[in-house]
Every structure is written in structure tokens, then in C-alpha cells.
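Open the structure in your viewer and keep the selection panel at hand.

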Amino acid sequence: MFNKLVKICVFMLVLVFVCAAGAADPNYIGAGHWDTATMKAYYSSQSSSDHGAINTVNGSGLAGVHPNQTHSVALEDMWHSGNNNGSVVRTAPSGTSCCEYLAYDLGKPYRLGTTWVWNYNQDGATDSSLDSVTIDYSVDGFHWNTLGTFSWPQADGTTEYAGFAGPDFGELWAKYVVIAAHFTYGGSFFGLSEIRFDVPDPEADPSTIPTYPPQESWDFAGDLSFFSNPNGAWSYGWVVQFDDPNAPQNDPEDPLYDPDFTFRDSPNTTYMMLYDNYFVFSGTGVSIPFWHFAPASPYLVPAVIGNPTNQTVLGVPPGRTALHGGVNVANPGTEDMSVVRWTAPAAGDYCVSGTFDSGDTGLSDYYIIQNKTTLLLSELNVNFGKPFEMTVTVEEGDTIDFVVGSGLDNAGSDTVPLTVTIVPGPCEEPPVCPDSLWDLKDNISFEENPHCGWSYGWIPGSDAENPDYAWRNNPPDTSTMILFGQAYTFSGVPWWHLVPANGSMVPALFLNNLTTPLYGCPPGFAAAHPGVTPADPNDPNMADVAVVRWTAPATDDYFVKAIFYQGDVGEVDCYVIQNASTVLFSQLEVVSEVSYRSYLTLNAGDTLDFAVGSGVNLGSETTPLDVTIYTEPTCQDVGVFYPADLNQDCIVNLEDFALLSQDWLKCNDPGDPVCSLIEPQSDVLRVDFNGYNSEDVPSVNNTLMTASIPGQFGTGTFWNGLLVSYATPNTISSIYPGPTLFLADGTTDSGVTVTLTGCDLADLLGYGDVFGDYLLKLTIPAPPEDPNAYITISGLVPGNAYNLAGYGSNGGGGIGAIWTANGVGPLNLGFGVANVGILPNVIADANGTIMIALGADPAANIIVVNGFELEGIINSDPTCTEINRYYGTDLDQNCYVNLDDFTILSEEWLNCNDPQGEGCTLYNP
């Protein structure tokens with residue numbers, strides 16, 4: 001019996017040594033061989049704390065001997081992500097885009113070989129097995145390589161599941177490995193049971209580990225890693241600030257006593273404690289990683305946050321990093337501040353730039369601190385963005401701390417997105433203020449207001465002290481302009497804005513320094529946004545006006561060019577106002593691009609205000625604004641050239657002579673039998689009436705909607721030319737906007753004017769969409785007092801003949817009208833008769849006018865007109881002088897290009913009308 005017990009004890013002791021040796025076996029990592037003291041396993045999300053990434057390497061659920069080890073079907077033995085049907089897109093630590101990821105820190109670099117993988121093996125849920133994955137690896141956590149993208153077979157969901165041979169690293173060095181998962185087999189979450197990394201040569205020569213040159217620049221967001229802390233030049237932590245007279249920093253008997261310390265005003269980061277706890281928090285249902293101290297709650301405690309997803313989480317936009325200040329609830333006299341520290345690798349000057357952004361709604365304190373005590377920036381109790389750029393001189397080992405603390409509201413919603421970029425050398429000097437050319441988008445500053453002649457502000461849209469003031473009918477009084485006092489960052493770009501900083505209905509000016517449009521503003525442009533006073537957003541008298549002001553630095557002649565572009569879809573009112581009172585330009589209810597150009601003589605101190613107000617719809621009103629002001633404009637800026645400057649490059653030279661030579665001895669006088677007339681454009685003017693009601697404003701400007709499509713007179717230019725709203729009168733006039741249009745008579749161009757009278761909208765009659773596609777309707781009193789509505793076409797050639805085509809409703813045989821034009825007709829386009837038709841040979845009267853009288857469709861006593869076409873008829877062969885059309889090289893406009901034109905060119909030979917050229921004088925416009 002004793003011998004038997006001895007044998008049993010010896011066997012158990014040997015077994016213990018064998019197991020211990022197996023646990024320390026360095027020939028593979030994972031599958032139960034995992035040292036939690038030196039190795040870490042990370043996840044992008046987990047369904048609960050029992051289903052983390054550690055389950056994929058700790059051997060849980062494995063039985064048997066490799067390569068015949070089988071895995072259990074128990075959920076608690078595996079990694080199980082949070083629910084993700086593919087809507088959450090993440091960026092893995094390696095930079096690969098995916099849905100979920102696992103990341104492994106092996107503790108030190110190894111030369112990895114083959115792998116063995118057990119896919120997600122939960123009974124009845126193997127559709128959450130990883131299908132498509134990308135494997136990335138790194139030796140330092142900064143420089144990453146991709147092993148490849150692989151399709152893994154689905155687990156079988158049985159206790160006999162033995163896994164499969166995974167990717168082979170081919171003895172590449174790696175300390176960090178990332179599995180970026182793209183797809184499952186249709187499951188609502190992502191999962192993995194276990195993975196094993198083989199190490200063929202545990203004693204491999206470490207001198208063969210790849211090395212990389214040291215960093216030459218630093219980016220907090222790009223460098224942020226949750227693998228290690230410190231992380232290169234960066235370290236992440238928190239510091240406790242005391243406001244308690246008995247606290248160490250306020251106790252003269254305590255060795256930590258600092259007599260100059262003032263709570264919140266002068267924080268001291270000397271005693272920063274490093275975070276050593278990485279965790280993933282599911283904020284608003286989407287998991288993102290934190291550096292954090294325990295407990296792992298994101299609220300009321302400091303943290304460093306990364307958001308690698310495609311969704312905003314806890315106030316952190318996609319792809320951004322952030323700091324979260326903390327409130328010590330147990331000790332109200334203390335404040336926990338979150339810190340990101342950069343340690344200088346070498347002495348010298350460094351340019352430090354970035355932004356503390358507005359994230360969550362709570363108030364926060366922002367600081368930049370050098371060597372733990374010297375304040376470089378301090379902004380207290382704010383929730384707006386704060387950009388910064390500064391040159392900092394450091395010695396090797398000096399520190400720069402970027403700190404976020406809680407404001408006085410003691411709120412938990414203190415997340416502050418933070419960008420920091422550090423590059424060697426001093427920051428570039430700000431550009432010198434211009435003295436001859438001012439460009440708003442280039443000169444705009446968010447550091448000071450005014451700046452370089454520009455100032456930015458707003459004015460109330462109502463005048464409570466003036467009972468006779470009529471909003472919008474009179475231009476705004478910009479003498480009451482109030483300067484914006486605080487710049488901040490919102491949506492990743494800088495703004496001047498009226499507080500509150502996150503309001504969308506308040507006046508503002510911003511610069512889109514992104515590479516994509518923002519709120520209708522193209523990249524590189526500034527944009528003005530008018531506002532509506534939040535107290536009463538429905539009262540148009542309370543609409544505020546955004547203003548950009550330029551002040552003349554000296555008495556001089558100035559060329560001014562301002563373009564108000566269409567940005568968002570709402571209507572705006574655009575003004576240019578001199579000296580806060582003289583209106584130089586005014587356009588109301590603008591839904592398209594409008595521009596202003598002028599030469600002005602201004603005295604020193606004179607002002608030009610470029611103002612944007614709300615239109616009647618009080619909607620989305622971002623207006624990109626491009627303003628340039630010159631004292632020495634080029635001829636191209638002004639658009640005025642010498643006649644012989646044929647290529648309009650501001651100088652007359654051989655290039656212009658070459659153009660003239662091409663047309664030498666050509667003739668465009670049809671009176672000469674050997675000449676041929678320059679072919680006119682054979683466009684037919686088409687007008688398509690598409691109106692809209694004020695409650696249904698289209699997202700495009702109909703006056704710009706032209707298209708060349710077939711019609712009754714062949715292919716021509718359709719012009720959706722008349723914008724009609726509920727608020728407009730029944731008489732509407734609009735001019736064809738171009739491009740320049742020549743009818744077949746060769747003379748009618750973009751000066752054609754169309755006027756409507758006696759017409760209404762179908763929606764006013766209550767028919768809704770039945771007639772909502774057509775512009776002209778006759779209201780129904782029965783019988784109508786005036787049975788006619790009129791379309792008047794002006795700007796035509798007096799006495800010339802035209803063909804006129806009419807359109808009733810869009811559907812054949814629909815309700816229409818009876819047409820008569822200058823006595824030609826009637827043309828019945830009524831119900832059941834015809835939907836389209838032509839009135840031939842209509843003669844324009846002595847004023848160049850054709851009046852179309854529209855009688856009601858007898859079937860319904862309603863007028864429906866969708867549009868018309870106009871085609872000119874050539875009655876004779878006009879000369880080029882008669883039709884005012886010449887070759888560009890016909891400088892004397894005598895219908896020939898010959899020596900007379902060469903003489904004109906010779907007189908201007910090498911003349912220059914570019915004032916920036918030496919010896920040149922501007923061609924007087």
C-alpha cells in the first residue's frame with residue numbers, strides 16, 4: 001500500500017512538472033500558452049466580460065493534443081463580439097478597415113510560423129464564424145505589414161471540432177498581430193474560439209528584428225496606441241488637482257506643498273499617473289477603446305479615448321481622438337484632469353498645432369503645459385473649440401502636456417476631441433497683410449477679429465426702435481454690426497459664430513479647410529450663414545444677418561469682385577453695402593449664384609459690407625462667399641481687353657497675329673457671292689413652365705436648368721425659366737439667362753423676356769398633383785370675370801415672322817387652353833382635341849413683342865399651359881453688320897479680315913493692358 005502511494009505521488013509530481021513545462025513551452029503562443037503578465041489580448045467589442053479576446057488564447061474549451069485538439073461548443077469558452085450586422089465600420093489598430101477586430105500583444109517580438117485556428121464553434125451559432133479576415137503584424141506598433149486576406153472555413157458546432165491550418169507567417173518577426181474581420185457566415189455578431197501561433201525558432205537572433213528610423217513628426221491621433229503606455233514619445237495619464245486646504249498641495253507641512261498653486265488656474269501635472277487599463281466601452285451602442293483607470297466607467301472619471309468607427313460616439317466624431325476630464329465625486333474639492341504628454345526626443349524648436357474641439361455638451365478646461373508647470377495655453381469653463389499653433393523651444397526630455405479638466409458644471413459630458421501635430425522647426429510665420437490684393441478665403445483669420453482689413457460679425461434682422469422698419473424690404477443697417485467675439489471648431493473646421501456655438505440657426509462664418517464639401521461649401525472656400533433668433537424662429541422680423549466687412553486702408557481706386565454662390569438649398573438675401581448705408585448691390589430670395597463687380601474710389605477707412613440674410617423660407621442657408629479686392633487688377637480680372645488682344649492674355653503679340661492669320665482674307669459678308677455667312681446657332685427657344693409653391697421649394701434653381709432635347713421644331717434649348725411661388729404676384733417677368741441664344745433669325749439672343757399675366761397655380765385650386773406640374777391656371781369663379789391669361793414675349797425683331805409651338809398638359813388629351821398669338825389662331829389644345837400644336841408665321845409687332853392670349857379649355861373652364869417653343873423665320877439674307885455678328889479677328893467689323901484689321905493689330909503691337917507688367921497702363925474700362 002505504501003509503495004502504491006509513493007508511486008502515485010511520484011506520478012502526480014512528474015505530471016505537475018510536465019504540465020508546468022508544457023505551460024512554459026516557447027514553441028507556440030496561444031491555445032493555452034499565454035502569459036497575462038507580459039501578453040495582452042484586445043477586442044473591438046464583446047458581448048460581456050466573459051466573452052473577451054483572452055478566450056481566444058487561454059486554451060479555454062480545448063481538449064486533447066495538437067493537432068487533434070478539439071474545442072467545446074460552450075459560449076463562455078470563446079470571443080463573442082457585440083451585435084454588428086455590418087453597419088459599424090471600424091479601423092483596426094493596424095489601419096485596416098473592418099467590422100470587428102482582435103489584436104494581440106505577444107510581449108516581445110517572435111519569429112512566427114504556422115498558425116492553427118478554431119473558428120466560432122458555439123452550438124447553433126456557427127454562422128458567426130469569421131469568413132473573411134485580414135492579418136496584419138508589426139514589431140513596434142507603429143509600422144505595420146499585411147500578411148494577407150483569407151477566407152476561413154465555418155466551424156461545425158460539435159465537440160469534435162478540431163479547427164484548421166491557418167495562415168503561415170513564414171518566420172516573419174512580429175510582436176503585435178491584428179485579425180481584422182470583414183464578414184461572417186451571416187451571423188449578427190463576430191466570434192472566434194481559439195488561435196495558436198507557432199514559434200519554430202524561439203532562440204532566433206534578435207539582431208534580425210526589423211528596425212525603422214526614428215519619428216520625424218508626431219500626430220496624437222495617428223500615433224495613438226492602446227498596446228503600450230508610454231507609446232514612443234507619447235504617454236497617457238491623469239492628474240488630481242486639489243482645492244482642499246488640507247490637501248497635500250495646500251499643506252505647508254507636506255513635502256508636495258506648492259505655495260503658488262491655484263486650483264484650475266494653474267494646474268500642475270508633475271504628479272501625472274499613467275493609465276494602465278485598456279478597455280472597450282459601448283457608448284450609444286457602439287464600442288470604442290479607452291485608456292482609463294478602474295473602475296471602467298466612462299463617466300465622471302478621466303480617460304483618453306479613440307473612436308475608430310464610422311459613427312460619432314460620446315461626442316467623439318469618427319476617426320477622432322479625445323480626452324475626458326473627471327469629477328471626483330467623493331472629494332468635491334478635487335478635479336481629475338486627463339493628460340496626453342509628449343516628451344521631446346531632442347532639443348530644439350518644435351511647431352505645436354491642433355485644436356481642442358467641442359464634443360459633448362458639458363463645460364471643460366483646456367491647457368497646454370510645458371515641463372509640468374509652465375502654462376502655454378489656458379481656456380476655462382468652455383464648450384467651444386480652441387485652435388492653437390505655437391513654436392515651443394525644448395531641451396531633450398522636456399515635456400508638453402495637453403490637458404482637459406472639468407468645468408464648473410461638474411458634468412460627466414466633458415468629452416473633448418483633441419488633435420495635436422508636432423513637427424521639428426518653428427511654425428511658419430503668419431502671412432503679412434496684403435497691400436494691393438485682398439482675398440477673403442486667403443486672408444481670413446480665426447485668431448483675431450478684425451484681421452488684415454477684414455472683420456466678421458452679424459446684425460439683428462429687426463429694429464425694435466424703428467416702428468417703420470420693414471425687414472428685407474429695406475437693406476439692413478450694417479452700422480449696428482456686432483463683431484463675433486469667439487472662434488471655435490465645429491464639424492472639424494474653424495468658425496466665427498454667435499453663441500451658442502452648436503446652434504444651426506444663428507449667424508456664422510466658417511472656412512472649409514477639408515477636402516470635401518461641408519454644408520454646401522466647397523473645399524477651400526469661406527461661407528456665411530445667416531441666422532434666425534432662437535427666441536422666435538417663425539418671426540421673419542427676427543432673422544439675423546451675417547456680415548463680412550472690408551475696410552479700405554488708403555484712399556485709392558479699388559476693383560471689387562464678390563460672388564455669392566449657392567450652397568445649401570435655402571433662399572438667401574445678398575447685399576453689398578458701402579459705409580454701412582449705401583447699397584451697391586441687392587438680390588433677394590436668391591437660390592443661385594449671383595455676383596457683383598465694380599470699380600470704386602474709396603477713402604481711407606471706407607467700408608464695404610458683404611451681407612447674407614435669410615430668405616423668406618428661413619431654411620438651410622449656407623452661402624459660400626468669394627470676395628477679392630484689387631488696387632492693381634489685370635485686364636483678365638476686369639474683363640476688358642484691347643481689341644487686338646484676340647486671345648485675351650493682356651498683351652498683343654505673335655499669338656494674336658497667328659489667330660488673325662487663320663482668318664486672313666476670309667469674308668463673312670453674305671452680300672459677296674463668294675462669301676458664306678457664318679453659320680448662326682440654330683437653337684429654338686423653349687420655355688418650360690415649372691412652378692412651385694412656397695411650401696415645396698425645389699432643391700435646384702430652375703432658371704439654370706437648361707437642356708438640349710427634341711421638340712416640335714427639332715432639338716433646341718429648353719429653359720425652365722420662370723420660378724413661381726405662392727407668394728409671387730400673378731405677373732412674373734424673367735430674362736433668359738443664357739448661354740447666348742440665337743434664334744434662326746440670327747438676332748434674338750439672351751435678352752428675350754417672358755411676362756405672365758392673369759395666371760394662377762393649380763395647387764391654389766385644391767387639385768393637388770393633378771395639375772401641380774403646370775404653371776398657368778385660371779382660377780375658377782364661374783363664369784370667370786376674365787377668360788384670358790397672357791404670355792408676352794419681348795425682345796424680338798420687330799416685323800419678323802416666328803413659328804410658335806404650344807404645349808398643354810404633359811399627358812396626351814389632357815386639359816389645355818385655346819391659343820391665339822398676335823391675331824394668329826385660334827389653336828385648340830383643349831381636352832380631347834390635341835396636347836401640342838403650332839401657330840405658324842406669327843409676326844412680332846413694332847415693339848418686338850408677341851402676345852399669346854390663352855382662352856379657357858371649354859371642357860373644364862380652366863387654362864393649362866406647360867410651355868412653348870419659338871422659332872425664327874429668315875425673310876432675307878442679312879449682312880454681318882445687320883445681324884451684328886463678326887469674326888473675332890474682324891477688328892474693324894467691316895465683314896472682312898484683311899489689311900485693315902492687320903493695321904489695327906499693328907498699332908497695338910506689344911501693347912499691354914496688364915498693370916502688373918512694367919510700363920503698362922490699364923485699359924480704361
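**Stop 1: a buried pair**

Select Asp357 and Arg320, whose side chains meet in a salt bridge with an N to O distance of 2.5 Å. This pair links distant parts of the chain, 37 residues apart. Asp357 sits in the loop between strand E24 (348-356) and strand E25 (364-370), and Arg320 in the loop between strand E20 (303-306) and strand E21 (321-324). Both residues are buried. Keep in mind that the model is a predicted one.

**Stop 2: a partly exposed pair**

The structure holds nine salt bridges. For another of them, select Glu171 and Arg111, whose side chains meet at 3.9 Å, N to O. Glu171 lies in the loop between strand E12 (164-165) and strand E13 (172-184), and Arg111 in strand E8 (residues 100-112), so the pair ties together parts that are 60 residues apart in sequence. Glu171 is partly exposed, at 34% relative accessible area, and Arg111 is also partly exposed, at 26%.

**Stop 3: a network**

Next select Asp439, Lys441 and Asp626, which are linked in a network of salt bridges. Between Asp439 and Lys441, the closest N and O atoms are 3.2 Å apart. Is Asp439 buried or exposed? Asp439 is buried, because its relative accessible area of 9% falls under the 20% cut-off. Lys441, at 22%, is partly exposed.

**Stop 4: patches on the surface**

Switch to a surface view and select Glu389, Glu428, Glu447 and Glu448, which gather in a patch of negative charge. Within this group, Glu447 is found in the loop between helix H3 (440-443) and strand E31 (454-459). Glu447 is exposed, with 59% relative accessible area.

Then select Leu654, Trp909 and Leu910, which make a nonpolar surface patch of about 320 Å². Leu910 is in the segment after helix H7 (899-907).

**Stop 5: a buried histidine**

Select His80, in strand E5 (residues 79-80). His80 counts as buried, at 10% relative accessibility. Which residues is His80 in contact with, leaving aside its neighbours within four places in sequence? They are Ser45, Gln46, Ser47, His51, Leu75, Tyr120, Gln122, Phe189 and Phe190.

**Last stop: the whole chain**

Of its 925 residues, 50% count as buried. The chain exposes about 39,900 Å², and carbon and sulfur atoms supply 53% of that area. Among contacts between residues at least 6 apart in sequence, 70% join residues at least 24 apart.

Technical notes:
Residues are numbered from 1 along each chain as its sequence is written. This is a predicted model: local features need pLDDT of at least 70, side-chain atom pairs count only at pLDDT 80 or more; totals for chains, interfaces and linings use all residues. Side-chain values use heavy atoms; hydrogens and water are left out. Patches are made of residues with over 30% relative accessible area and no salt bridge: like charges are joined within 9 Å, nonpolar side chains (Val, Leu, Ile, Met, Phe, Trp, Tyr) within 5 Å. Accessible areas come from the Shrake-Rupley method with a 1.4 Å probe; for residues, only the protein chains shown count as cover. A salt bridge is a side-chain nitrogen of Lys or Arg within 4 Å of a carboxyl oxygen of Asp or Glu. Lys and Arg count as positive and Asp and Glu as negative; His and the chain ends are not counted. The place of a charge is taken as NZ of Lys, CZ of Arg, CG of Asp or CD of Glu. Helices (H or I, at least four residues) and strands (E, at least two) are DSSP runs, numbered from the N terminus. Buried means under 20% relative accessible area, exposed over 50%, partly exposed in between (1.4 Å probe, protein chains only). Contact means heavy atoms within 4.5 Å.
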